[in-house]
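Biologist: I'd like to learn how to read helix packing and ring pairs in a model. Can we go through one together?

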Amino acid sequence: MARLIHEREFPFPVDRVWDWHMRPGALERLMPPWEDAKVMGREGGFDDGGTVHVRVRRGPVKIDFKSRHTDFELGRLFTDEQVSGPTGSWEYRHEFEPRGSDACVLRDRIRYDPPLGAATAALAGSTIEAELKRFFRFRNQRLAQDLARHAAYDGPRLKVAITGASGFIGSALRHFLTTGGHEVLPIVRRRPDRDEGEIYWDPMERKIEGSRLEGVDALVHLAGESLSDGRWNPARKRAIWKSRVVGTRVLADALNRLSDPPRVFVSSSAIGYYGNRGSEKLVERSRPGSGFLADLCREWEGEALTARRSGVRVVTLRTGLVLSPAGGALGTMLLPFKMGIGGRLGSGRQYVSWIDHDDLVALIFHALTDTSVRGPVNATAPHPVPNATFTTRLGHALRRPTLLPVPSLAVRGMFGEMGRALLLDGQRVFPEAALRSGFRFDFEGIGESLAFQLGRAPRR
C-alpha cells in the first residue's frame with residue numbers, strides 16, 4: 001500500500017480553516033480547474049457515514065469516485081474512504097492542528113492501492129503521487145487566497161442573489177461565497193428548488209419573482225447567451241442582444257419596484273464596450289467604440305444603471321478574457337495547444353486584456369462589499385499583452401510549441417464577424433477603477449495566472 005504525507009501551515013486560526021472546509025462549496029473550490037470533474041451527489045454531512053460522488057471525464061471516459069466520511073472529530077479531523085472508484089483502495093485523512101492562536105497546519109495522510117494492484121504499482125504509483133503533489137500545490141494556493149479574501153471583510157454575512165449561478169463564473173462565485181459563510185440565492189429559469197433558496201425568472205417572457213428579492217443584500221447578474229457559440233447571423237445577434245438587454249431590464253425594473261431593494265447590483269458587461277482600439281490605453285472613462293459589441297455593451301450597461309432610481313449602488317463589470325481551463329475561451333483553445341498546433345491569431349499584435357478566474361471572483365466580491373465601487377469597472381488584470389505574447393505564454397505553460405499561426409483570413413472564414421470581433425480585434429484595457437478602490441490582484445502577470453490555473457505553478 002502506497003503512502004503519502006503532506007502538510008502546510010496557514011496563517012489563519014484553526015477554527016477558521018476548519019469552518020471553511022465544512023461549508024457548502026468547499027469541495028468544488030478545491031477541485032483542480034484543469035480536471036473535468038463534477039460533484040454528482042451528496043448524502044449526509046461530514047459526520048461519519050456521509051457520502052460524496054464525484055465524476056471525472058477524460059475525453060469520452062467517465063471515472064466515478066464514491067467516498068464515505070469516517071473518523072470525524074469536530075475541529076480536528078475527518079477521513080474519506082473509497083466506496084468505489086479507480087484505485088484498489090483509497091483512504092484520505094484530513095488533519096487540522098493549531099499552531100498558536102493565529103495559525104494552523106493542514107496535514108494530509110493518504111494511503112492507497114493503485115489500480116490492478118502490484119502489476120501497476122510502480123508506474124501508476126509514481127503518476128498518482130505526481131498528480132497529488134500537483135493538486136496540493138494548487139489547493140494550498142487557492143485556499144490561502146480565499147481565506148485571505150474572506151478575512152479582509154469584517155462585515156455581516158451577506159445574502160446574495162445570482163443569475164447565471166451555475167455558469168462558468170457564477171458557479172465559482174457561488175462556492176466562494178458559501179465557503180465564506182454567505183448565503184446564495186440562485187435565480188433560475190427552471191422550476192425553483194425552495195430548499196436551495198432558488199428564485200424563478202424567465203427574462204424572455206419578462207417574468208421574475210421580484211418579491212423574493214426584498215431584503216436581499218446584493219444582486220449579481222451574470223446570465224446571458226454566449227457570445228462565442230456560433231457565427232453571428234441576424235438571428236444569433238438578436239438572441240444575444242435580447243438575453244442581455246432585456247434580461248437586465250427585467251432585473252432593474254424588479255429592483256425599482258421593491259420597498260427594500262438590495263444595496264448593490266453588480267451587472268456584467270464586457271470590454272467589447274471599447275471596440276477595436278489597437279494599442280490605445282483604455283480606462284473606464286475612455287469613450288465607447290463602434291460595432292455590434294460596443295453598441296450591445298452601451299445599452300446593456302444603460303439598462304443596469306436604471307436601477308439607481310431605487311437608490312441601489314450599481315456596478316457594471318467590463319470583463320476581459322477570463323483565464324481558467326474550466327471554461328471560457330481558454331477552455332476552448334486548450335486542445336489544439338496541447339496538441340502542439342496552437343499559434344498566434346492574425347498579426348498577433350492585437351491586445352488581449354485578460355483576468356485570472358480567481359481574481360474575477362474576488363473582484364466581484366470586492367464590488368459587493370466596498371461601497372466606494374460604483375459605475376463601470378474594468379475587470380481585467382493590470383498587464384494586457386499582445387496576442388503573440390499570450391500564445392507564447394500559453395505554450396510555455398503547457399510545454400508545447402506555438403509555431404502554427406492562424407491567418408486573419410482563415411479566422412474570418414471560419415467564424416465571420418464573431419471571429420473578427422472576439423479574436424482579431426483588440427483592446428488594451430487597464431483596471432483603473434479597481435486599483436483606485438484598493439483592490440489587490442493575486443495574478444498581475446499572465447504567466448503566473450496560467451501556471452496556477454493549469455497546475456504548473458513552481459514547487460515550493
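Modeller: The axes of helix α4 (residues 170-179) and helix α8 (residues 357-369) come within 10 Å and cross at roughly 60°. Helices here are DSSP runs of H or I with at least four residues, numbered from the N terminus. Axes are lines fitted to C-alpha atoms over the stretch in contact, and angles run from 0 to 180 degrees between N-to-C directions. Two notes on the source: this is a predicted model, where local features need pLDDT of at least 70 and side-chain atom pairs count only at pLDDT 80 or more, while totals for chains, interfaces and linings use all residues. Residues are numbered from 1 along each chain as its sequence is written, and side-chain values use heavy atoms, with hydrogens and water left out.

Biologist: What is the orientation of α4 and α8 to each other?

Modeller: Under 35 degrees counts as roughly parallel, over 145 as roughly antiparallel, 65 to 115 as roughly perpendicular and the rest as oblique. α4 and α8 are therefore oblique to each other.

Biologist: Which residues make the contact?

Modeller: Contact means heavy atoms within 4.5 Å. From α4 come A172, L173, F176 and L177, and from α8 come H357, V361, I364 and F365. By class, that contact of α4 with α8 has 7 nonpolar, 1 polar and no charged residues. Ala, Val, Leu, Ile, Met, Phe, Trp, Tyr, Cys and Pro count as nonpolar, Asp, Glu, Lys and Arg as charged, and the others, Gly among them, as polar.

Biologist: At what angle do α5 and α6 pack?

Modeller: Helix α5 (residues 234-256) and helix α6 (residues 292-305) pack at about 15°, their axes 8 Å apart. That makes α5 roughly parallel to α6. The residues of their contact divide into 8 nonpolar, 1 polar and 6 charged.

Biologist: And how do I read ring pairs?

Modeller: A pair of aromatic rings is described by the distance of the centres and the angle of the planes. Rings of Phe, Tyr and Trp (its six-membered ring) pair if their centres lie within 6.5 Å; planes under 30 degrees apart are stacked, over 60 edge-to-face and the rest tilted. The whole structure holds 17 aromatic pairs. One of them, F138 with F452, is stacked, at 5.0 Å centre to centre and 25° between the planes. F138 lies in helix α3 (residues 121-151) and F452 in helix α12 (residues 446-453), so the pair ties together parts that are 314 residues apart in sequence.

Biologist: Are F138 and F452 buried or exposed?

Modeller: Both F138 and F452 are buried; buried means under 20% relative accessible area, exposed over 50%, partly exposed in between (1.4 Å probe, protein chains only).

Definitions and conventions: Helix = DSSP H or I, 4+ residues; strand = E, 2+ residues; numbered from the N terminus.
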